[in-house]
Amino acid sequence: MTEIFKGMKPSRRAFLRGAAAGAGALAVGGAAKAQGAPDPAITELQPWMQGLGAGVDAAPYGTPSPYEAHVVRRNVEWLTADTVSSVNFTPLHELDGILTPNGLCFERHHAGVAEVDPAKHRIMINGLVDTPLVFTMADLMRFPRENHVYFLECAANSGMEWAGAQLNGCQFTHGMIHNVMYTGVPLRLLLEEAGVKTNGKWVMPEGADAAAMTRSIPIEKAMDDCLVAFKMNGEMLRPEQGYPVRLVVPGWEGNMWVKWLRRIEVGDEPWHHREETSKYTDLFENGKARRFTWEMDAKSVITSPSPQAPILHGRGHTVVTGVAWSGRGTIPRVDVTIDGGKTWHQARMSGPSLEKSMHRFYYEFDWDGSPLLLQSRAHDSTGYVQPTKNELRAIRGENSIYHNNGIQTWYVNERGEAENVEIS
Ligand SMILES: Nc1nc2c(c(=O)[nH]1)N[C@H]1C(S)=C(S)[C@@H](COP(=O)(O)O)O[C@H]1N2
Ligand SMILES: [Mo]
């Protein structure tokens, strides 16, 4: 045993011993097994040790190991009557760190994925500007560009949970989010090139897809941190994410991040289009609707353990992990509870802490095998604390679809299986 763990820190050695001792009949890794029957994973030559592997020409564009074939975007059947105007979900329970791999970013389209030829794509700036301009992709790439990591969350993320605990998995309850490094040109530079007239107070980005997605964005935001982005995680945008160019509206609801961006109109008032009147507004109990709710409030979710990621190792040292984000800044702190909120523990934040980006947290504890009620609670850099679902309902009533940032609860039973529940 000392041989195996040579070089490891004492604290780690201690908990592994503790786990082996406490687990009784449960198999808890090599240390316990080393005394029993030989482990064929050690004693036998595996096929991959006995022959040459694939050459460097086997996969000019790499894909994950076949053993990772379950790590995919998924639909919710009753939300996907029509796959063209639809949504799928990021497998958050399989991911770690803060970046979402390009092939796993959830998709939301109102008229399917437009297949745009970049050579025939133009970006127009018109309306209340001194000089209306048209850019090719090559023109766009001659402007100074910037790199930023931002989350994009659909305002409808967790929308199905307003009525109570419904979907079994954080992929489905929270997977309308991705977190990507964008390369793009600040929208401000393009607007300055065209020259915004003094009465230009709003901009309206428009998509080149059949939905011709349009939203009204105040000029202050357009001039602040919006990007006209063409790359994600280093490579050109995926068609699903708006190839060859999309608008990035940091911290604000995903609907405003117009994909396949073809035009930006400058105006003196908002346009009141479909996506900011009948959709993406919050209807209150008294029949009034809250409009222009652009910012995404601080939110978090435990990604493992969770319904799709049960505890398989039995009692003992257990890693709880999840993500938190805020449209208003960074996440200095996340609290985790394993007993439904009776006691809270400050989680360990890990990795970069970036504005309007996902943050990764961990909480490690010794599981005694009794049922758990797992929750996480985000604090953002403005001092805001993530509310409970009932706190939200008390203010917003029962009509809401969008902007559900309430605390999520997973019930974990003695076998380590997790389920979506609510506690009052
Ligand atoms: N042109 C266009 N832009 C669009 C959409 C669309 O259907 N067409 N959907 C919007 C919505 S509702 C969301 S949540 C995000 C989703 O971005 P994603 O597909 O990269 O996840 O794109 C937004 N931009
Ligand atoms: Mo959305």
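Let's start in a loop: Leu45 sits between α3 (40-43) and β1 (86-87). Bear in mind that this is a predicted model. Leu45 counts as exposed because its relative accessible area is 59%, and the cut-off for that label is over 50%. Together with Trp48, Met49 and Tyr67, Leu45 makes a nonpolar surface patch of about 590 Å².

Now for the strands. Strand β20, at residues 359-367, is mostly covered, with seven of its nine residues buried. β16 (residues 316-325) runs antiparallel to β20, and nine bridges join the two. In that pairing, His317 stands opposite Asp366 of β20. β20 also pairs with β19 (residues 348-350), again in the antiparallel sense, this time over three bridges. There, Ser350 is placed opposite Arg360 of β20.

Next comes an open sheet. Five strands make it up, in the order β18-β17-β21-β22-β23, and the pairing is antiparallel. Which strands are at the edges? Those are β18 (345-346) and β23 (418-421), each of which pairs on one side only. On the β23 side, the neighbour is β22 (residues 409-412), held in an antiparallel pairing over four bridges. Trp410 has Asn420 of β23 as its bridge partner. As a rule, strands of a sheet pair through backbone hydrogen bonds.

Here are the pairings with their bridge counts:

| Strand | Partner | Sense | Bridges |
|---|---|---|---|
| β16 (residues 316-325) | β20 | antiparallel | nine bridges |
| β19 (residues 348-350) | β20 | antiparallel | three bridges |
| β22 (residues 409-412) | β23 | antiparallel | four bridges |

Definitions and conventions: Residues numbered from 1 in each chain as written. Chains lettered and ligands numbered in written order. Predicted model: local features only at pLDDT ≥ 70, side-chain atom pairs only at ≥ 80, totals over all residues. Heavy atoms only, no water. Pairing = 2+ DSSP bridges. Buried < 20%, exposed > 50% of the residue type's maximum accessible area, 1.4 Å probe, protein only. Patch = residues over 30% accessible without salt bridge, like charges linked within 9 Å, V, L, I, M, F, W, Y side chains within 5 Å. Areas by Shrake-Rupley, 256 points an atom, 1.4 Å probe, with all protein chains shown as cover. Salt bridge = Lys/Arg side-chain N within 4 Å of Asp/Glu carboxyl O.
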